[in-house]
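I am keeping these notes while I look through one structure, going from its sheets to a few single residues.

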Amino acid sequence: MEVLEEKEKEEQKEEELKALEVGSELHDMDKKLSVEKVCFSSDVPDFDWNSIDTSQLPDSYKVNSPKEKKMLHIADHYHQQFAHLCPERKPLFLHPVNECGVEKFVSTTVRPTLLPYTELYHWDGCASFVSDYLTMEPLKFPLTPPTSLYSPTTILKYQRGNCFDFSVLLCSMLIGAGYDAYCVNGYATHDICSLDETLEECPLLRKPQEVPKEEVKKSNKYRVKPPPDMHSKFELQQEAKKKAETEATEKKEREERGMEAEEPAHDHLCGLRVHAWVLVLSGKREVPETFFIDPFTGNSHSTMDEQFLGIESVWNHKNYWVNMQDCRNGCKDLVFDLSDAVHWEIMLSETDKPLQLLLGAEKENELFDRNVDDMEEEEEEEEEEISFAMPPSWVAPIQISPKEFETRCSQGRKVILYKKAKLEKWAPYSNGNGLVKRLTVYADSNLHTYKSMNPQTERVMEFYTETRVDGLQKLAENDNEMKEYFVGRDDFKYFQYTEFRAKRKKVTLVGTRTDVNSRPIVQIKECFHRNLQKPADEDVAERVFLIEEDMIQLTYHLKDKYITASKKDFFKPTESYRKQSEIMTPEMCITYQAGSSEQHTKLIHLYKLLRELTEEEKQLKQQVWRTQAEVLKILEIRENEEADIKLSASIYDTERNEKRRQEYEAMMKAKKDEFPGQKEQDLDYLAPFLIQIGSPEKITKRQALRLRDDCLSDFKNRLVSKANIIQAHFEKEVEELQKKNQQFQENQNQLSEKEEADFLADYSETMFRIHILALRLDREKQTAPQKYLALEEKLRKDPRLAEHLGHA
């Protein structure tokens with residue numbers, strides 16, 4: 001027993017020494033990172049936050065209210081208890097300073113806001129807007145949370161921030177839209193923290209998963225049975241196995257080339273990098289399952305995602321929770337029931353005292369041994385904390401103008417690098433050519449090609465054959481060749497291939513306006529469809545002009561029941577021979593006639609055919625040069641079009657449609673000149689009631705009291721009527737929702753996947769409309785008394801009634 005105890009003590013000492021060594025290494029590493037100010041690679045230009053102007057900010061940014069001071073006191077007391085009970089945990093992220101250097105509790109930095117844009121009524125729209133609108137800045141020290149947390153209004157103004165700034169803004173928008181959202185302070189992988197998506201597949205390239213549908217087999221006893229399969233199943237299995245092995249080997253060889261570039265590098269700080277994101281709990285807004293949102297990308301992630309490595313705390317605009325669960329396996333095993341006091345320690349509670357369930361038996365004994373007076377003081381403080389509610393947010397209302405919402409991306413452009421792909425986004429009208437989105441897909445991680453509009457570069461042009469006399473459908477060319485495809489020609493030609501030599505000679509063609517960098521032609525090949533009006537051995541299928549070799553090859557179509565085609569090879573005479581004689585010799589043409597070994601064509605006919613082919617060769621060369629000139633002309637026109645693009649604006653876009661704006665201003669000016677007192681008349685609440693009593697020049701006290709009562713009564717009725725209309729719409733939407741729910745329950749087993757998805761989308765839209773109507777109704781009820789009192793005060797000060805209502 002003593003030996004075992006000694007071994008246990010030695011093992012315990014070794015573990016303590018190892019822990020001290022690891023802690024020392026981490027401390028040295030953290031210190032080194034702090035000294036070197038390590039930042040992730042980013043194309044974000046440096047921005048000096050110390051230079052921002054805070055003079056025009058509201059007073060709530062510069063001082064703390066009494067409730068905020070009390071909240072800070074409670075947070076400090078909470079942190080002292082937490083540090084005492086959990087000394088191994090890192091300090092909590094509770095009250096960083098804001099842009100004015102004032103400490104603010106993190107929950108009061110969240111400002112729930114519902115913005116008046118349809119896209120921002122849903123979580124994915126809010127997340128996409130935040131990720132596009134803001135520019136990512138890495139944390140100054142990647143192992144610790146930031147020492148400052150600026151307001152969402154300042155972050156929106158300068159369009160940049162770190163992960164905590166992103167999360168607070170996104171959480172404010174999601175809570176305003178009705179979601180149960182929380183900011184998260186935790187740990188994530190290097191790729192998540194540094195916004196590195198180069199190993200992720202582009203969402204636009206992801207193929208939707210196809211769910212195979214089960215076929216309903218109908219039994220038919222009179223159905224003819226198929227013949228038995230006589231193939232050897234063993235041989236088929238061996239062939240399939242061999243084919244699979246070959247494909248696997250080829251795939252492995254292909255992947256090995258770019259494997260090193262695609263594999264993530266080993267991160268020696270894995271599990272220590274601080275990151276902030278948003279937690280959305282299920283329940284509200286028909287969210288079926290709890291999930292994470294990475295604010296940098298705007299993408300949703302499962303709570304089981306291995307890229308999120310742990311959580312320290314979460315908070316919203318009402319409270320703050322500390323995670324008391326083990327994060328050795330990341331967030332996979334975490335329970336996200338925030339009402340569970342065993343897994344989450346809440347700061348402000350209406351039922352339980354903070355840290356009450358954290359106390360073990362030893363801690364309780366230590367507390368009992370303390371001075372009784374100290375215990376009574378702590379109990380009084382804790383009782384105050386129990387009844388204390390979170391102060392309202394110190395942040396000014398979050399506002400986004402229509403222009404800012406439309407512009408989105410910082411500087412109007414955003415580039416996202418994915419695995420073998422690049423996605424570019426532009427704000428509307430910010431790109432001169434009108435382009436708003438472009439996806440570039442690369443062959444591999446390191447290689448890509450850029451196709452410019454310079455002549456003789458690789459390109460493909462497609463034409464409308466109905467508008468062309470030559471029937472050209474498509475033209476593909478590169479530096480060495482040109483391919484032309486034709487449709488509906490009378491001569492049955494459907495393809496032409498031209499091969500060029502690298503040497504270039506500048507030639508000006510007669511009848512063209514464009515100078516062509518002519519490339520010497522090596523050969524021209526033509527292909528023809530079958531012409532049924534001619535015999536097969538007289539109908540040319542392929543014609544090749546070998547220009548540099550002075551040779552012409554003719555290949556005819558196959559005759560029925562033949563496997564070889566007739567051919568003729570012409571050798572053009574040299575220039576000296578043509579000057580001496582024009583006689584056709586047998587050596588100048590080699591003929592093969594399918595089905596016959598004798599040469600039936602006379603030399604005179606071959607000579608005429610050679611002359612015709614020579615003339616057609618000249619015409620083809622001219623046609624090739626004209627095609628090159630046409631291509632250059634098209635490129636010139638396209639360059640001019642690209643350089644002089646004029647984007648058309650909608651007639652409803654008064655900001656960009658200058659003509660429409662001038663017409664609107666002229667119309668409003670004419671209306672103002674025609675009715676100079678219209679504005680004042682529109683604001684005159686007493687006008688309808690004065691008309692009823694004949695609009696007297698002077699009114700009595702009785703008439704004044706009656707006018708006031710009638711006006712206020714009418715205004716009250718209109719407020720009630722407006723609230724009743726909203727209430728009616730609300731009840732109608734609720735009734736429709738109940739009907740849809742009942743209909744879905746009755747027909748759930750009969751609906752297809754698409755019908756079920758459409759129903760869920762429609763159900764979500766209806767729920768959102770109900771949420772918006774509820775907000776409008778609540779706002780109307782809250783503002784109605786203020787509007788009524790404001791009108792009453794205005795009538796009291798009205799010069800026509802003030803004489804009689806001054807003391808009423």
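**Loop residues, then strands**

I began with F492, whose place is in the loop between β15 (481-486) and β16 (493-500). The model I am reading is a predicted one, and in it I looked up the backbone of F492, where phi is near 70 degrees, a positive value in a residue other than glycine.

Next I turned to E286, which I found in the loop between β4 and β5. Here too I noted a positive phi in a residue other than glycine, with a value near 55 degrees. The relative accessibility of E286 is 37%, and therefore I wrote it down as partly exposed.

**The open sheet**

In what order do the seven strands of the open sheet follow one another? I read the order as β6-β5-β4-β3-β7-β8-β9, with antiparallel pairing. At the edges stand β6 (299-302) and β9 (344-346), and because each has a single partner strand, one side of each is left without a neighbour in the sheet. I also looked up the twist, which averages 35 degrees from one strand to the next.

Looking at one pair inside this sheet, I saw that β3 (residues 181-188) and β4 (residues 274-280) run antiparallel and are joined by seven bridges. As an example I picked N185, whose bridge partner in β4 is A276. I then checked what packs on the sheet, and found helix α6 (residues 163-176), which touches β3, β4, β5 (291-294) and β7 (308-315). The direction of α6 makes about 10 degrees with that of β4.

**β10, β11 and β12**

My last entry concerns β11 (residues 421-426), which has antiparallel bridges to β10 (residues 413-418), six of them, and to β12 (residues 437-441), five of them.

Definitions and conventions
Residues are numbered from 1 along each chain as its sequence is written. This is a predicted model: local features need pLDDT of at least 70, side-chain atom pairs count only at pLDDT 80 or more; totals for chains, interfaces and linings use all residues. Side-chain values use heavy atoms; hydrogens and water are left out. Two strands pair if DSSP finds at least two bridges between them. Helices (H or I, at least four residues) and strands (E, at least two) are DSSP runs, numbered from the N terminus. Axes are lines fitted to C-alpha atoms, for helices over the stretch in contact, and angles run from 0 to 180 degrees between N-to-C directions. Contact means heavy atoms within 4.5 Å. Buried means under 20% relative accessible area, exposed over 50%, partly exposed in between (1.4 Å probe, protein chains only).
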